[in-house]
Amino acid sequence: MSSANVASAEMQNRILRKVAIRLMPFLCLLYFVNYLDRVNIGFAGPNGMNDELGMTATVFGFASGIFFLGYLVLEVPSNLALHRFGARKWLARIMITWGIVATVMAFVPNATTLVVLRFLLGVAEAGFFPGIILYLTYWFPAVQRAKAVALFMAAVPVSSAIGATVSSALISSGHGVFGLSGWRFMFLVEGVPAILLAVATWFYLTDRPEQAKWLEDEEREWLSGQLEAERAETEAAHAWPLRKALTHPRILALAFVYFGIAYGLYALGFFLPTIVKGFEQQYGTELSTMEAGLVTAVPYVIGAVAMVLWAAHGDRTRERVWHVALPMLIGGVSIPVALYLGNPFMAMVAVTICAVGVCAALPTFWALPSNFLAGAAAAGGIALINSLGNISGFAAPYITGALADVTGSQRSGLWVVGVIMIAAAFTVIALRAVPKESPTSQD
C-alpha cells in the first residue's frame, strides 16, 4: 500500500472519528428523549394510569398506538421539509412541539383526552426519526453508515433500559408531588427535556459538512467530495426520482420489512412492563415497581450491545440482507414461547433473545434504502418506509391489547409478533440488497 493511500486512510479515519464524536452523542441524547416520550405510556398504564382513567387493555393499546396514525400523516412532508430547510431548524421545530404535548399529558382528565394528545404527539414528532436517518447520510459514507445508524439507534434499547428504571423511579417517588399521581409526575418530568434540547439543537447542529467550522478546510473538502461522489454514483446507477421513490413496489416491500421489525419493537416496548407485572399472577413472583423496572431493562441492555456489534460486523463484511433477516428469524421464533416457559427467568431469556433480534436488525435495515436512493428521493423514500412501517406502532399495541382482553392472556398477541417478524425476514431475503435494474429503468 502506498504512503498516499495510507495517509488517505488515516485522514478518513480521523475525519469520521471527529464527526462521530461531534454528532453521535448529541443525536443519541435526542433520540433517547424522543423514544422515552413515545413509550413511557407503557410504564404509566400498569402503574396507576389505567385504573385512574378507567382504561381496558384494548383502550390502553389504542391510546398507545394512535400516536403512529398522527405520525403517518406528516412523515413524508416533514422529511422533505428537513431536506429543504436543514436539520438544525427543522429538528428544533419538531422537538419543541412534541415537548409541549408530552408535558401536557401529565394533566389529562380522562381517556379520551389522552387519546387525542397521543395523536397530537405523533403529529408533532413526525419526521424526527427519518430526518435523523437522512441527516446521517449527509455525514457518513456508505461503508460506515450502518455502524453510525447503530450508534444512533442504540438510544432505543438504552432509553428502554434506563427509561424503565427512571420512569419507575419517577412513578414511585413522584406520587403526590405538585398534587399529581406518580404516572402524571413522570409525564411532566420526561416531557420538559425535549423543549430544552430544542434550543440546544438550534445552536449545536451543523446542516452539512461544507458548513462545519469545527472541521479543518482539508477535512471539509475531503468529506464533502466523498459524499457528493457517492450521491452521484448512486443516482447514476439507479436513477430513482422522488415520484418513483414514493410509488415503487420495492419501497412498499421495504416498508413491510420495517413494519415487521418495528412490530416486535413496539409490542415489547408497550407491553413488556405489563408482562413483567403479570409474573406475579403467572409464577407467584412479587416485584416492586423499581424491581420490575430493572427486570424490564435487562433485554434492552443486552440488545444495545448486540446492535452495535452486529452492525459493525455488517459494515466489515459489506453484507446487508442476512444481517437483517437472521436476527429477525431468531427473534420471531423466540418471542411466542416466552410465556409458555415454566419460570420467569426462562421467560425473560426468550424475551431477551427477541429484543436482541429486533435491535440487531434495525440499524442494518436502514442501510438498505440508501444503497439506491439519494437526494430528495432518499428524503421521501426513507420517510415513506418509516411512516408505513410505523403503522405497526398502532397495530402492535392495539392488537396485543385486544387479544389480551379476548383471551385473558398475552400469549396470542406474542404469537402474532413472531409470525409477522418471520414473514418480514423472508421478504427482505427475497428483495436482496439492491434492485436489479438499468439506470434508465422506470419501473
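1. Let's start at a loop: Phe178 lies between helix 10 and helix 11 (182-204), where helices are DSSP runs of H or I with at least four residues, numbered from the N terminus. Phe178 is not a glycine, yet its phi is positive, about 60 degrees. The residue is exposed, with a relative accessible area of 66% (exposed means over 50%, using a 1.4 Å probe and protein chains only).

2. A word on the model: it is predicted, so local features need pLDDT of at least 70 and side-chain atom pairs count only at pLDDT 80 or more, while totals for chains, interfaces and linings use all residues. Residues are numbered from 1 along each chain as its sequence is written, and side-chain values use heavy atoms, leaving out hydrogens and water.

3. Have a look at Arg318 too, in the loop between helix 16 (289-317) and helix 17 (321-334). Arg318 also has a positive phi of about 60 degrees without being a glycine, and it is exposed, at 61% relative accessible area. For background, most residues other than glycine have a negative phi.

4. Now the domains: the assignment, automatic or from a database, gives domain 1 (16-205) and domain 2 (237-432). Their centres, taken over C-alpha atoms, are 18 Å apart. Each domain brings 53 residues to the contact (heavy atoms within 4.5 Å).

5. How much area is buried between domain 1 and domain 2? About 4300 Å², with 76% from carbon and sulfur atoms; buried area is the accessible area (1.4 Å probe) that two parts lose on being put together, summed over both. Phe68, Ala146 and Pro157 supply 12% of what domain 1 buries against domain 2, more than any other three residues.

Notes. Helices (H or I, at least four residues) and strands (E, at least two) are DSSP runs, numbered from the N terminus. Buried means under 20% relative accessible area, exposed over 50%, partly exposed in between (1.4 Å probe, protein chains only).
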